[in-house]
Amino acid sequence: MTEKKKGRGKRIVSVVIGLVVIVAVLALLQRLVMPKYMGDVKEGALIGEYYDEEKDFDVVFIGDCEVYENFVPATLWENYGINSYIRGSAQQLIWQSYYLMEETLQYEKPDVIVFNVLSLQYNEPQKEAYNRMTIDGMRWSTSKVGCIQASMLESESFIEYVFPLLRYHDRWSELEPEDFKYILGAEKVGHNGYYMQVGVVPVEYIPEGKILGDYSFGDNAWSYLDKMVALCEENDVELVLIKAPSLYPEWYEEWDVQVEEYAEAHNLKYINFLEHTEEIGLDFSTDTYDAGLHLNLYGAVKLTDYFGAWLVEECGLEDRRGEEELSNAWEVKLECFYNQKEELEALKEEEF
Amino acid sequence: MEQLLEILSDLHPEVDFEECDTLIDDGILDSFDIVSLISEINEEFDVVISAEHIIPENFNSAEALYALIERLEEE
Amino acid sequence: MLFTSYRFLAFILGLFLLYYVVPKKCQWPLLLVASYIFYAFAGWECLVFIGATTLTTYGAGLLIDQNHARQKNYLAEHKADLSKEEKKAYKEKQKNKRFALMVVCLVFNFGILAVLKYTNFVIANINGVLQMTGSENMLSFRNLLLPLGISFYTFQSMGYLIDIHRGKYSAQKNVFKFALFVSFFPQLIQGPISRYDDLEKGLFGQHAFDWQTVSFGLQRILWGFFKKLVIADRMLIGVNALIGDTDTYTGFYVFLGMLFYALQLYADFTGGIDITIGIAQVLGIPMQENFNRPYFSKGIKEYWRRWHISLGSWFTDYLFYPISVCKPMLKVSKFSRKVLGEKIGKRVPVYAASIAVWFVTGIWHGAAWNFVVWGLGNCFFIMLSQECEPLYEKFHARFAVKDKMWFKAFQIGRTFLLMCSLRMLDCYRDVPMTFRMFSSMFTDWNIGEAVTVGMWNLGLGVHDYVVLAAGTVILFTVSMVGRRGSVREMLAKKPAFVSIAVFGALFIATVLFGAYGMGYDASQFIYNQF
């Protein structure tokens, strides 16, 4: 080997090592500056938790906060032996729900997919921060790409989803201890996608819904519901439409009619829980943590119990509590669930 | 040539114009000097140096400048 | 397409790859296609204007060049049978033809530029006059589109045309090659205004991939982005705040704004030029430098030889000299010497040409009186320093301070502050406002309040000032080191890991500390009600 060749070889080695180090530093920085959603805004962490699961669910919920705040998979398991998971995220828009459904179906074929119809009201992308909370947690797949393209606002760039460092780089100046603490991995926030709240804020008044000029849902929103229906048919999964019993934002009668008609036309089951609050036994002076927007744990357990019975009856779901492996897994989950419940309740006591 | 050197040293007494051949490249003559130079030359030699002749090659040394003057006188 | 957009980055990366993959013959056609694509992003309508300039200049250049050749041939053929007078008459006739061709082309192209850029300025002035005369009728402003880079490509093309007329080099025969010279995309945003003979060889040559050149080019691009994103765009927040509220930000704030703007402008402009020259370098095309550490100038004349060099030299070659040494001016000179005496009379052509050049330079920078005053202000100080020359000499003969470090530092500081003060004219709304703000620097003593409270309310936090300070230190250091030669070459001589570490750190710093993207506002990420 001549001296020159040797020099060049050394150079190439340095360049390669150098590039590896630079990429590693950038990767680490990216993890550092990305929001961890471990503080007050835990909702952003929910979507990513699905991938750690044993994906063998009977029921998968898809939708916005009205699913992950109002349904408790632990209750479905305890009371009915139904193994369920919630793929919910803050202001999940309907195309995001569709792509999450598509992605979920790549992993597993549940018996029932439950979709909360509130997001039909949005025909266009809304807010970048919520896009982020739904999309950043997704693993890379064609579904994620589709989801990004459908969700992006004009001010957003695809590449900022590929390299979130480009989006969050400004956070370098406002890093918090949790950013360092969770740089390599976050703590679990949800219980099979349920985000537990034990506070009680009674409903005092219900704001009157604004009068809208046009109550019909947008074409874009409908088209994604069509796609969901088709996708479920293709995969032989039953699609159930629900409207959670949140008192507001307003769910207009005119909207309800449209969904009812749609469900009938496509042979889908649709329950508007707002019409069943008495049967469910919801008491809005104790069962909500934010004055009617979302149920707290106590309300959610009631609702889930009601829905579980409905699922067994209408969809013929079987009790799987006999399956040993699954039971064992749930045992661990339930322990975690009740531990957090105790913790939060203790905290609540302290506050008063 | 004598005449030209005289004009030049009037402009910059501190420069040795017989030796220096980087008058432009080293920024010894600036645009103001060049314009004064051209009007002096116009007076003394009765030749018109126009803008197109103002390139470093013609102004870098007294010699080059003199060659330019001679060339223009012939025309 | 802005330099600092993802689209532009994708565009140049794609181009770089293609450039070294296609057969070398196709390199310049590829650049032409790329330039027109780049240009089309600014709007299809703009293509008409650049197309018109390209074709008219190409045609006129070719005709003038052919005339040169014809004259040469004719004179050679008839060497024997023409008298000296006949030859002279023939030459004169051809010369006039060429001159007419050039003038028509100049008028056409500068005409386009003038109409598009200055119509509204003229209308505003006419309205001003009408208002003074008490007229109720006002002209309405026109909504004219200003094609991307029109000032730059017009000047570059007209420089070419004048050079052809002067016989400096022969015309480009290939219209597509000429189109590339006019539209070469990296230059369209901020210049520089290149000369055809500087660019020709690089632009149309065939370039093999050379790692050294390409990596130097990439390094320069990165350095440009660092300057633009980390320093300029962050500083811009402060600059806009300071000049946006003239009621609050007087006194010391004006001084602060002056310094901030000096930094912002320098980082933005030289950063842009770094990106431009860097791109050209990656493509194997050498380009003239446009800056030479201007803030280290010891005098205003020197400053203008070191700041935006290509514009200054354009004006010198194509405006200052033609005016100052043209025959009528020589006559004026003779006359004024007789009337005003040798000393003063001698200066008439120089000063007349300077005033014209600086007026045009001013208006070139923007269609407003601010810029005219700015240009003439520069001219005034240049003349003043010229006139003070004998005084300086006397001073230096008396005191031996000329070579002392502190004296040089004083000169540099003085020049810097003078240039900063003049530059205020392009910050504030109009000329009276600028003077008001300038004088407030000496009357409003609010330095205490500004430093303790005000400067922290400009939208820049402690961390921003830290980044800016660090960025400025880096900028200054690189500038100082750069006096001894190319910093990239110095680094390349060191072991490979040194360059990698330096440019890796620069890249990471740019990505992390750059002021780009939509910014992060934690409150947006607060979950509310959905």
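Predicted model: local features only at pLDDT ≥ 70, side-chain atom pairs only at ≥ 80, totals over all residues.
Me: How does the radius of gyration of chain A agree with that of a compact globule?

Reply: Compare the value with the one a globule of that length would have. A compact globule of 352 residues would have a radius of gyration near 20 Å, so the two agree. The C-alpha trace of chain A spans about 85 × 50 × 45 Å along its principal axes.

Me: What share of the residues of chain A count as buried?

Reply: Burial is a count of neighbours: 20 or more other C-beta atoms within 10 Å. Of the 352 residues in chain A, 38% count as buried. Chain A has 14 helices and 5 strands.

Me: Which domains does the assignment give for chain C?

Reply: Domain 1 covers 24–206, domain 2 covers 210–287 + 453–515, and domain 3 covers 297–436. The C-alpha centres of domains 1 and 3 of chain C lie 28 Å apart. Their contact takes 12 residues from domain 1 and 7 residues from domain 3. On the domain 1 side, α4 (84–132) and α5 (150–166) of chain C each give two or more residues. That side divides into 6 nonpolar, 5 polar and 1 charged.

Me: How many residues of chain C are in contact with chain B?

Reply: Count each side separately. 15 residues of chain C are in contact with 14 residues of chain B. On the chain C side, α11 (309–324), α12 (327–340) and α14 (347–365) each give two or more. The largest share, 5 residues, comes from α11(C). By class, the chain C side has 7 nonpolar, 4 polar and 4 charged residues.

Definitions and conventions. Residues numbered from 1 in each chain as written. Chains lettered and ligands numbered in written order. Contact = placed C-beta atoms within 7 Å. Helix = DSSP H or I, 4+ residues; strand = E, 2+ residues; numbered from the N terminus. Nonpolar A, V, L, I, M, F, W, Y, C, P; charged D, E, K, R; others polar. Domains from an automatic or database assignment. Rg over C-alpha atoms; globule rule 2.2 N^0.38 Å. Buried ≥ 20, exposed ≤ 12 C-beta atoms within 10 Å, placed from the backbone.
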